[in-house]
Amino acid sequence: MMIQNQKIIAILFSAVLAFIPLSVVAQQEIDENSLEVENSTGSLVKVAFRTMEQQELLGGVSVVNFEDVQAKAYRPSWSYLYLESMVSGLGNGIWGMGDMLIVVDGIPRDAENVHPSEVEQITVLKGAAAIALYGSRAANGVVQITTKRGAVGDMRVSVRVNTGFHVPKSLPKYLGSAEYMELYNEARINDRMPVSFTEETIENYRSGVNPYRYPDLDLYGSDYLRKTYNRSEAIAEITGGNEYAKYYTSMGYYREGSMLKVGDTKNDNTNRMFVRGNVDMKLHRLVTANVDVSATFNNSSETNFFNGVDRDGNRIRTNYWERAANLRPHRISPLIPRDLVIIADEEDPLYGMLMASNVIGGKYFLGGTQLDPTNPIADAYAAGTGRYVSRQFQFNGGVNFDLQNIAEGLFFRGKYGVDYATTYRDAFSNFYSTYTPTWTPTDSISNLVQNGRDSRDGVQYVSEATYRLTTFISGQFDYTREFEGGHNIFAMLLANGWLRKFNGEYQAIQNANLGLQMSYNLKRKYYVDFSAAVPYSPKMAKGNRMAFSPTGTLGWRLTKENFMSNQKVFDDLMLTVSGGIIHTDIDIVGDGNEMGYFLYKPLIDISSTAGTWTWGGATSHQQSVISFLQAGNPDLRFIKRKEINAGLRGSLLDKTITFDVNYFNIRMDGGLVRPVTYPSYFTQVSQTSSFVPYINYDIDDRQGVDFSVNFNKKFNEVFFSLGVNGMFKADEAIKRSEIWNDDYQYRVGHRLNQIWGLECLGFFQDQAEIDDPLTPRQIWAPVPGDLKYKDQNGDGVIDGNDEVYLGSYNSNTVLGLNFTVKWKGFTFFALGTGYFGGLGLKNNSYYWSGLGDRKYSEVVRDRWTEDTKETATYPRLTTTNGDNSFRNSDFWLYKTDRFNLSLVQITYDIPVKSSILKDLSVYVGGYNLLTIAKEREYMEMAVGSAPNTRFYNLGLKATF
C-alpha cells in the first residue's frame with residue numbers, strides 16, 4: 001500500500017511539473033504585453049485564509065518579508081531559523097505558549113520541508129483574533145510560511161551555490177586513564193572499600209610505555225574526529241509568466257558530512273534533494289486556479305553503533321557520541337597490532353584466529369574484553385552501515401471563483417492538499433569478534449580470547465518504517481466592498497478540515513473547524529472585527545465535541561484624526577484592543593496517551609500484560625488480571641485560552657522609525673489532570689490501575705509586553721538600519737490539584753516550567769557535624785564531603801518534603817537585534833538574540849560524573865577532600881549511586897542568561913553589464929558564532945550527541 005501510494009503521488013508530481021512550462025508557453029502567445037502587476041496601496045501580508053494590506057493589520061501579527069532578508073542573510077537550514085532576532089513575542093513559542101502551529105501556504109505542514117530560498121514571507125500570528133480562524137490546533141499561535149510564486153514577466157533563472165565548514169564550539173573534557181584510576185581509588189576509599197588499581201598499574205598507564213596494554217582512550221581526540229566538516233549546496237529557481245499563467249520552480253541539492261573520520265564513519269553524510277513548483281492560472285476572467293507540488297528526498301548514511309542487548313537478545317542501537325560519553329579511557333585498546341602476537345607457525349591456533357579476524361589497516365586486530373566485547377571504534381570498522389531514508393511528497397490545488405454576477409465583491413475559494421511522508425532505515429548489520437590479549441612481561445601477546453562472533457550475512461535489513469498521510473480541505477466565501485463615504489466591509493464564512501494518519505495508530509489526528517469573520521472600517525480610521533470559530537474534536541464525548549470560539553477587535557488610526565492633522569512627527573499611529581476565547585484540544589493528552597483520544601471513556605486491560613493470578617494452587621487455573629487503566633469522564637471539555645491584548649504601532653519621521661508594541665494577558669483554563677483529591681486506594685501503582693478520571697482543572701496565566709523598533713536612515717551613500725525587538729513576560733500557575741503538608745510545597749503562585757529541589761547549605765566537613773544531634777538527619781546516609789541541606793519544615797529529617805521552588809527553566813525576557821549597513825555594493829548584516837531570567841540544572845552525566853562507574857569529566861578535579869575542604873566546589877567522589885549529593889538542589893543551579901551572535905554576513909553585489917546576466921553577488925557569512933554568558937562553556941557543550949558547531953559559509957548568487 002505504501003509503495004502504491006508513492007507511485008501515484010510521483011506520477012501526479014511528474015505530470016504537474018511537465019504541465020508548468022507547457023501551459024506558460026501556450027499562454028504567452030495570447031498577450032505578450034499584459035505584464036503589469038496589479039497596484040496596491042501597501043505591502044500585502046498573508047494572514048489566516050486571506051491576504052491583507054500591512055497597514056490594515058489589527059495587532060497581534062508580525063510579518064517578515066523573508067525574500068528581502070534572504071538577500072542579505074542567507075540561511076543554511078530551516079525557514080524560520082533565527083526568527084526570534086527579527087520578530088517580537090517569540091521565546092518558548094509565541095508569547096511563551098509552547099509549540100506553535102506551522103502553516104505552509106495555508107496548510108499545516110513541517111517547516112523543515114521548506115528550504116529558506118523558497119520562502120517569500122513569514123507571518124507570525126500571535127493574538128487570539130489572528131489565530132481564531134485556524135481553530136483548535138492554533139491555540140498556541142501560528143507561524144505562517146508563504147512560499148514564492150511566479151510573477152508576470154520574462155523567464156528569470158536564479159542560481160545559488162554555497163559551501164562552508166562546521167567547526168565544533170566545545171568538546172567534553174574527560175580525565176585520562178591514570179588520573180581516572182587515582183580518583184576512582186579515592187572514591188573507593190571514600191566508600192570504605194579497597195582500592196581497585198595499584199600504584200604500579202596507575203604508573204604504567206601514566207607512562208604510556210605500552211599504549212596497547214595500558215590504553216588511554218580519548219574518543220574526542222584527533223585520531224577519531226575531524227576539526228571541521230563540509231556542507232555544500234546548489235539551488236536553482238525559475239520564475240516567470242504572463243497574465244494568464246505564472247510559474248515558479250525551485251530545485252536543489254545539499255550534502256553535509258560528519259565530524260567522525262574513523263572506519264566507515266568517514267563516509268557518513270546527510271544529503272537532500274528537493275524540488276518545488278507551482279502554477280497560478282487564469283482560466284476565465286472570473287476563475288483562477290493554482291497547482292502546487294513539492295518533493296523532498298532525504299538520505300542519511302551512517303555507521304552502525306551498538307551498546308549491549310535488550311531482554312530479547314537484540315542489539316541496542318546507539319550512536320558514537322553516547323558511547324564516547326560513557327566508555328572509560330582505560331577499559332579497552334580498540335586497535336592492537338597483529339605483530340605483537342607471538343605465533344610459532346601456521347599450525348598455531350593463534351595464527352588461524354588472526355587470519356579469521358577483521359584486519360584493520362593491514363596490521364591491527366580489534367581489541368575488547370569480556371566486559372566490553374564491543375566499542376565504538378570497533379563498531380566503526382566492523383558493525384556495518386545503515387541509511388535513514390525519508391521521502392515527502394506534497395500536493396495542493398486551489399480554485400477561486402469571482403461571483404460578481406451574484407454580488408460584487410463576492411468570491412468562493414476552495415483548497416485541497418495531500419501530503420505523504422515515509423521513512424525507513426536500511427542497514428547491513430554485522431556481528432564481529434574482539435580479542436582480549438594475554439600479555440607477557442616483555443609486552444608481547446602470548447594468547448587471545450575471542451569475544452563474540454564474526455558474521456556478515458550480506459542481507460540488507462529494513463526497519464523503523466513509518467508513514468504519515470495528511471489531507472486538508474477548505475472552502476470559503478468572502479465578500480469585500482467599499483461603499484460611498486469610506487465604508488469598507490469584509491466578511492468570510494469558511495469550513496476546513498485536517499486529518500493526519502500514522503502507521504500503527506488506530507486513531508488519526510483530526511481537526512475540523514467552521515469559521516466566521518466580519519470586519520468593518522470607516523475611512524481606514526475606525527476598525528471593528530469579529531472573528532469566530534466552531535472547532536470539532538473527537539477527543540471529547542458526544543455532546544461536548546463542538547465549542548464556540550469568539551474574538552473581537554477594535555482599531556483606531558489616530559493619525560487620521562483632526563487633532564493630529566498638523567503634526568509632522570507621526571506618519572501613522574494605530575491603536576488596537578482585542579479579546580476572545582479560543583477552545584483547544586492540543587493539550588488534551590494522558591499518561592502514555594500522547595494522542596489524547598478516548599480519555600472520556602473508562603479503559604480496562606484484561607490481557608496477560610497486566611499480570612496474572614492463580615487460584616486453587618494450580619497453574620492451569622491461571623487468569624489474567626483485570627487492570628483499570630483509567631476511569632471515564634463524559635464531561636471532559638476543551639481547554640480555553642482566554643485573552644485580552646492591546647497594541648500600538650506606527651511610524652515616525654517619514655518612516656525613519658517604525659514601532660509595534662503589544663500587551664497580552666492570557667489565561668489557559670481547564671488543563672487536564674488526574675486530581676489528587678481521590679483516596680489513595682483509587683490507584684494501584686503495582687498494576688498501573690487507576691479509577692481516577694481526567695478532569696479539566698489546571699489554570700495558567702501569562703502576561704507581558706512585546707515590542708519592536710526599527711530605525712532606517714541613509715547618510716550620504718551609507719544606508720543604516722537597526723532593529724530591536726523583545727518580550728518581557730510573567731507566567732504563573734494559578735490553579736493545581738495538589739495537597740501538601742506545608743505551604744512552601746504548593747506549585748500554585750510560582751512560574752511555569754518549574755524547578756524544584758533542596759536548598760543546599762554547603763558540605764558536611766566531618767563526621768562529627770553529621771552526628772551532631774542538632775543536625776537534621778538526611779535519609780540518604782551522607783558522609784563527609786556530601787552536600788547538606790536545609791530542613792524546611794523543621795521535622796528534623798531531610799527528605800523529599802524539604803524540596804522548595806528554585807525557579808523556572810523559562811526565560812522571561814527575550815531580546816533580538818538585527819543590524820544592516822549598506823555602502824555602494826557592500827552589505828553588512830548581523831543578527832543576535834538574548835535570553836534572560838531562566839535557570840537550569842547541571843545534572844547531565846558530564847556534571848554528575850562523580851558517582852558510580854561513570855566516566856569522570858574534568859569538573860571532578862574540584863572535588864571535596866580532606867585537603868581541599870575549604871575550597872572545594874564539587875562533592876566527594878563515590879562509587880555508589882550518590883543519592884545524597886547527586887539530586888536536584890540549588891547547588892547545581894545556574895543562570896541560562898546569554899546573548900547569541902547568531903549570524904554575520906557580508907555581501908557584495910557585483911556590477912554587471914550583460915543582457916544575459918542580470919544580477920551577481922557573492923557573500924561570506926558565519927552562523928552560531930558566539931555565545932556571551934557566564935555559563936558559556938556548559939551551554940555550548942553537547943554530551944551524548946554530536947557537538948554544537950559554528951558554521952562558516954561562502955556563497956554566490958546569479959540571476960539570468
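Tyr-320 touches Leu-219, Tyr-224, Leu-225, Leu-260, Phe-305, Pro-376 and Ile-377, leaving aside residues up to four places away in sequence. Contact here means heavy atoms within 4.5 Å. The model is predicted, so local features need pLDDT of at least 70 and side-chain atom pairs count only at pLDDT 80 or more, while totals for chains, interfaces and linings use all residues. Residues are numbered from 1 along each chain as its sequence is written, and side-chain values use heavy atoms, with hydrogens and water left out.

**Nonpolar cores**

- A nonpolar core is a set of buried Ala, Val, Leu, Ile, Met, Phe, Trp, Tyr and Cys residues joined through side-chain atoms within 4.5 Å.
- Buried means under 20% relative accessible area, exposed means over 50%, and partly exposed lies in between (1.4 Å probe, protein chains only).
- The largest nonpolar core has 67 residues, and Leu-219, Tyr-320, Tyr-856 and Val-860 touch the most other members.
- Helix α4 (residues 177–190) gives the most to this core: six residues.
- Apart from this core lies another, of 45 residues, including Met-97, Val-114, Leu-636 and Phe-951.
- In soluble globular proteins, nonpolar side chains tend to be buried together.

**Positive phi in loops**

- Most residues other than glycine have a negative phi.
- Asp-443 is not a glycine, yet its phi is positive, about 65°.
- Asp-443 sits in the loop between β19 (434–439) and β20 (445–451).
- Asp-443 is partly exposed, because its relative accessibility is 22%.
- Ala-781 is not a glycine either, and has a positive phi of about 55°.
- Ala-781 lies in the loop between β39 (777–778) and β40 (787–789).
- Ala-781 counts as exposed because its relative accessible area is 57%.
- Helices (H or I, at least four residues) and strands (E, at least two) are DSSP runs, numbered from the N terminus.
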